[in-house]
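Please look over the chain shown below, with its sequence beside it. The report that follows takes up strand pairing, helix packing and charged side-chain pairs in turn.

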Amino acid sequence: MLRRLSVRNLAVVEVADADFGAGLNVITGETGAGKSVLMGALRLLMGGRAERSIIRTGENEASVTAVFEFETTDAINALLEEADIPSCEEGTLIIRRVIQLEGAGRIRINDTPATVAFLRQLAPFLADIHGPNDNLSLLDPKFQLELLTSYADAEEELTACQACWEKCVTLRKELATLAGDPAERNEEIETLTAALEEIRLIRPTEDDGDILIQQHAEAANAEEVLSLGNTLLAQLTDGENPISEKLIALQRLFHQLQALLPEAEQWSDTLDNVQSILQMLAQTMALRLSLIDADPEHLADLDRRLSAIQRLKRRYGPSLEEVLAYEKNAEARLHQLVHATGDILRLKEQLKQAEADYDIAAEKLHQKRIAAAPRLSAAITKELHDLGFSQASFPMSFTRGVNTAQGWDIVTFTFEPNPGEIARPLAAIASSGEIARVMLAVRVILAQHDAIPTLVFDEIDANIGGETSRYVGEKMRRLGQHSQILCITHQPQAAVYGHLHFRVYKSILNGRTQTQITALHVDERPEEIARMLGGADFTPSTLDHAREMLFAATGVVS
């Protein structure tokens, strides 16, 4: 639910904070007091368009902040995760939108930057606003179908239909990939065959990467390497007067010194270690030099190998890893194409069966919906009678559309205000008051099936009589048992049914008009209801009448 709404420097509002609660929250006030500003603030949080003109005169920016609380957050957290926005902590979501006089505005969700587009994506999880200028979700054919499906308890049938549809889509994709144009398929076979022949002729392996480059570099410098290496070996052990013979002579001298100076024994041991190290070094060098191939033909073979690998990289690379991956994928694709005829026949049979399964599942879903439609229509019609449409009816029409994951049904909610008149689709109803009350009737019936946590009604009871307004209030209070309701109303007969009551009023401070909102205590409500009944100069009898209305609606004595 919407727990808190804070508005700063928006139109005539300098500072306004409202802490809403569960159930029906009614908002009242004189015409022009600024109630519409609160609705505008909510629309901004839903991704509505922000004009700089809404910034309070003399200020550089306006802001709207809302705190929403959720009992379950799985769905909304999944959406936040996709946008790299922190999930709701303890079920709390905080949205802040700032409109600046100069420069771009700012949006933060859970203290993380976000976009207007994401606000619009998030809006269905937050609230549904119903007013004169709002596009109601109820008018969307897709939404109407979802509501009927939910009312029909057809979730199991819908899931089965969706599974069949997904299987059909997958098989069609596989079939399209295999079938295609025969000429194009043959051309692809020829291309892949030629590529694989070229690659298999060279037979590249993982050793044709850095290892081949090192081998080539060694062969190219073989003569110089052998010359330097042999020179070093001659100096160490094999040449005239090598270092090894000098070390032997030194060792004899150390032995003589050792007889005269005892610690010279350690020096002699160190020299022994040096001799051992030099011998191991000479052996290692000799072994490695023996492996170097200085044959020009060997270098030519490596040149040819390296050139062939480079050619493959240019055509199928650019890296050796990509060449090897291309070879593997080309083999798989070629096998698929060569055996396409048999696979196509197999897939066609599977698709035929999947489509038959879909038809069965879609028909079951259709039957469940069509059986529930008269019940839903009758229930909504009964609610409409209480809301002032004493002769109205709410028929639903079905047409068969294209196959989709939701079945083939197209359902249209229609409204017939009086017997004998043409039933019109809800989207064709001109009066915002009519559509708002129709929507309220639908919401009352579908309250337990609808997932929207907060419903906002902007003057839903405009242009209707007192008795009908009382029914509107009763139904909104009943609807408040399942969803949080915010309702702006000018009708005292509806306002008395609020669980919470907020008053919007104007005051003049430092020569400037500003709008404020305050929560009314139970003892303050009679005066506001009396004002709505008889104006600012209400009488004691009007106040008593207001108390009686409140007691009749809520059972609370003030």
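Which residue in S2 does Arg4 stand opposite? Arg4 stands opposite Asp19 in S2. The model is a predicted one, in which local features need pLDDT of at least 70 and side-chain atom pairs count only at pLDDT 80 or more, while totals for chains, interfaces and linings use all residues. Residues are numbered from 1 along each chain as its sequence is written, and side-chain values use heavy atoms, with hydrogens and water left out.

**Strands**

Helices (H or I, at least four residues) and strands (E, at least two) are DSSP runs, numbered from the N terminus, and two strands pair if DSSP finds at least two bridges between them. Strand S1 (residues 2–10) and strand S2 (residues 13–19) run antiparallel and are joined by 6 bridges. The two form a hairpin with 2 residues between them, and Ala11 in the turn has a positive phi of about 55°.

Further along, 3 strands make an open sheet in the order S9-S10-S11, with antiparallel pairing. Its edge strands are strand S9 (396–404) and strand S11 (424–425), each of which pairs on one side only. S9 pairs with strand S10 (residues 407–415) in the antiparallel sense over 6 bridges, and Thr399 stands opposite Ile410 in S10. Helix H13 lies across S9 and S10, running at about 10° to S10; axes here are lines fitted to C-alpha atoms, for helices over the stretch in contact, and angles run from 0 to 180 degrees between N-to-C directions.

**Helix packing**

The axes of helix H11 (residues 296–316) and helix H12 (residues 320–338) come within 9 Å and cross at roughly 70°. H11 and H12 are therefore roughly perpendicular to each other, a term that covers angles of 65 to 115 degrees. Where the two helices are in contact (heavy atoms within 4.5 Å), Ile309, Leu312, Lys313 and Tyr316 in H11 meet Leu320, Glu322, Val323 and Tyr326 in H12.

**Salt bridges**

Side chains of opposite charge can pair when their charged atoms come close. With a salt bridge taken as a side-chain nitrogen of Lys or Arg within 4 Å of a carboxyl oxygen of Asp or Glu, the count comes to 28 salt bridges.

| Salt bridge | Closest N and O atoms |
|---|---|
| Arg172 and Glu355 | 3.2 Å |
| Glu383 and Arg478 | 3.4 Å |

Arg172 forms its salt bridge with Glu355. Arg172 lies in helix H5 (residues 155–178) and Glu355 in helix H13 (residues 340–386), so the pair ties together parts that are 183 residues apart in sequence. For accessibility, buried means under 20% relative accessible area, exposed over 50%, and partly exposed in between (1.4 Å probe, protein chains only). By these cut-offs Arg172 is partly exposed at 33%, and Glu355 is partly exposed at 31%.

Glu383 forms a salt bridge with Arg478, and this pair links distant parts of the chain, with Glu383 in helix H13 and Arg478 in helix H15 (residues 466–479), 95 residues apart. Glu383 counts as buried at 6% relative accessibility, whereas Arg478 is partly exposed at 35%.

Glu528 counts as buried at 3% relative accessibility, while Arg503 is partly exposed at 30%. Finally, salt bridges that share partners join Arg4, Arg8, Asp17 and Asp19 into one network.

Note on methods
Parallel < 35°, antiparallel > 145°, perpendicular 65-115°, else oblique.
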